[in-house]
Amino acid sequence: MKLSTSYLLPGMRLARPVYGQNGELLLGRDAVLTLRNIVSLQRCRVLSVDIKGPFGFDDEERNVIEDEMRLGVMNVVHEWTLKNENKLEHIAGTVEVIIDEILSGKEVAGGLTQICSADIYTYAHSVDVCILSLSVGVKLGYARPKLLRLGIGSLLHDLGKTKIPAEILNKPGELTPDEFNEMKKHPEYGHQIFQKTRGFSSQSASIILCHHERYDGTGYPRGLKGDKISEMSVICAVSDVYNAITTDRVYRDALPPHEAYEMVMASGNLLFNFKVVKAFLKCVTPYPVGSMVRLSNNVTGCVCRLNQGIPYRPVVKVLDSEEEIDLQNERSIVITGLIHPEEISELVAKEDVPADCIVPHEIMLPGVVS
Ligand SMILES: [Fe+2]
């Protein structure tokens, strides 16, 4: 389950690896946290991590897209951007790999932005947006060549941010009107760069140019309305917004998935074309596996399985018990809310500290005082 690094306690065990500002591994899966590496994680600007919860169930069996694969894609995009390559072979190859993963039925759950240092947000975010966009494209029945164009545009949607001064891009607070106006130029900058790339397609280029346009005409750079915005651009736009609001940033906390889900649901034919919104909501879930929830019968538990097509009624494993409540069958019980991170922290800390905590995994980073 996801937990902000401010709530970590020694003895907790990582459910997923954590990566630093160059995508280097800081701590591996199953690492047991010590006070020193909690402090180091915070200094490395890792905002949240996935920890193992106080439950018997293990979700490692799930068929999810591997973090290592996501990280590989991120490194390809990072290098491609730095080298200013003017051909698309590497990018197309890496999008093909993601398409294969999604078509083979892998879950798109998780995301890189949660487990990487805030410094590489733009690149990690691009990978997550690409994966989300492609899963929406698959739901809409896109053929492979169309998926490839959607994936390339989504992976490079923020390419123009390389032209935005770092002090604006990484400003840890609200932008001034002038700074915001500069930031709003990134779709056009990206479009210009992309059009000089050998092998580019106009549909991918349009995603880069139009991913901040909105159905009601309130977007930028051109204030396009309704069906004047291509469907592929809308797919990328919804994925972009969803990933951004569900990710912790230095200046604000992430929205929990169920709130983000409701926000997207409410945005149909207001900010985004309703057809795309409907397809998108089939790709994400309000209560992902691992969410710690409180039920209307005053029971606390953890979402251990989802019920296809009934997003608000997953199976919940009851805390301190072997019992599972399948909300698909127990119609009188509903999820009333998420458990606060502080409470999760206390629950996990109550567990026995694993034996290998005696040999702690330490983060070895130059410049980090431990
Ligand atoms: Fe953008």
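Visitor: What follows α2, and what is its phi like?
Guide: Asparagine 84 comes after α2, with a positive phi near 55 degrees. Helices here are DSSP runs of H or I with at least four residues, numbered from the N terminus, and strands are E runs of at least two. This is a predicted model: local features need pLDDT of at least 70, side-chain atom pairs count only at pLDDT 80 or more, and totals for chains, interfaces and linings use all residues. Residues are numbered from 1 along each chain as its sequence is written.

Visitor: How many residues does α2 have, and how far does it reach?
Guide: α2 (residues 67-83) has 17 residues and spans 24 Å from first C-alpha to last, close to the 24 Å expected at 1.5 Å a residue (1.5 Å times one less than the number of residues).

Visitor: Which of its residues are buried?
Guide: Asp67, Arg70, Leu71, Val73, Met74, Val77 and Trp80. Buried means 20 or more other C-beta atoms, placed from the backbone, within 10 Å of the residue's own; 12 or fewer is exposed, and in between is partly exposed.

Visitor: And what covers them?
Guide: The cover includes β2, α3 (89-103), α4 and α5 (144-155).

Visitor: Switching topic: which residues touch the most others in the largest nonpolar core?
Guide: Val18, Val238, Val276 and Phe280, out of 96 residues. Such a core is a set of buried Ala, Val, Leu, Ile, Met, Phe, Trp, Tyr and Cys joined through C-beta atoms within 7 Å.

Visitor: Which helix gives the largest share?
Guide: Helix α4 (residues 121-139), with 10 residues.

Visitor: What is valine 238 in contact with?
Guide: Leaving aside neighbours within four places in sequence, Val264, Phe272, Val276, Val277 and Phe280; contact means backbone-placed C-beta atoms within 7 Å.

Notes
Contact = placed C-beta atoms within 7 Å.
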